Amino acid sequence: MTHVLIADDSQPLRSALCKVIEEHPGWVSAEALNGRDALRKIQQQAPDVLILDLCMPVMDGLQAARAINKLLPNLPILLCTTDLPPSLVSMARRCGIQGTVSKYNCRQIEMGVEALLRHEPFFCRN
């Protein structure tokens, strides 16, 4: 069983992402409300992959990625956001994020999780 933690402040988007993840055989999902909640839940649940939104209250995706990489440097992180300019992709890499995808492209999200599970980077740009 592959455990995927989804951190996004939007309940409708978290629900949609959970549906995408759980349609994949052998994948299960859990939810976090923001970066700080994700940090707490990865310590409790030990997910295989973290899908992390960029813009969240309390602790944004880049701040959370930095903190998570200090605790669990081998946890694959997929940044899922609306806009992916090259500067953001570069910043994400520097924060230890292994992949970037558009939150509006379900197939891209699934491919990103699959790549990270194979320990391969997956960086998409809009």
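**Salt bridges in the predicted model**

A salt bridge joins Lys41 and Asp37, with 3.5 Å between the closest N and O atoms; the term denotes a side-chain nitrogen of Lys or Arg within 4 Å of a carboxyl oxygen of Asp or Glu. The structure is a predicted model, in which local features need pLDDT of at least 70 and side-chain atom pairs count only at pLDDT 80 or more, whereas totals for chains, interfaces and linings use all residues. Residues are numbered from 1 along each chain as its sequence is written, and side-chain values use heavy atoms, with hydrogens and water left out.

Lys41 and Asp37 are four residues apart in helix H2 (residues 35-45), so about one helical turn separates them. Helices (H or I, at least four residues) and strands (E, at least two) are DSSP runs, numbered from the N terminus. Both Lys41 and Asp37 are buried. Buried means under 20% relative accessible area, exposed over 50%, and partly exposed in between, as computed with a 1.4 Å probe on protein chains only.

A search of the whole structure returns seven salt bridges. Side chains of opposite charge can pair when their charged atoms come close. In one of the pairs, the side chains of Glu31 and Arg14 meet at an N to O distance of 2.9 Å. Arg14 is buried, at 4% relative accessibility, while Glu31 is partly exposed, with a relative accessible area of 29%.

A further salt bridge pairs Arg107 with Glu110, the closest N and O atoms lying 3.4 Å apart. These two residues are three positions apart in helix H5 (residues 106-117), and about one helical turn therefore separates Arg107 from Glu110. Arg107 is partly exposed at 45% relative accessibility. Glu110 is also partly exposed, its relative accessible area being 22%. Elsewhere, salt bridges link Asp8, Asp53 and Lys103 in a network.

Ser90 was examined separately. This residue is found in helix H4 (residues 86-94) and counts as partly exposed, with 33% relative accessibility. Ser90 and Gly112 are 22 residues apart along the chain, and their C-alpha atoms are separated by 17 Å.
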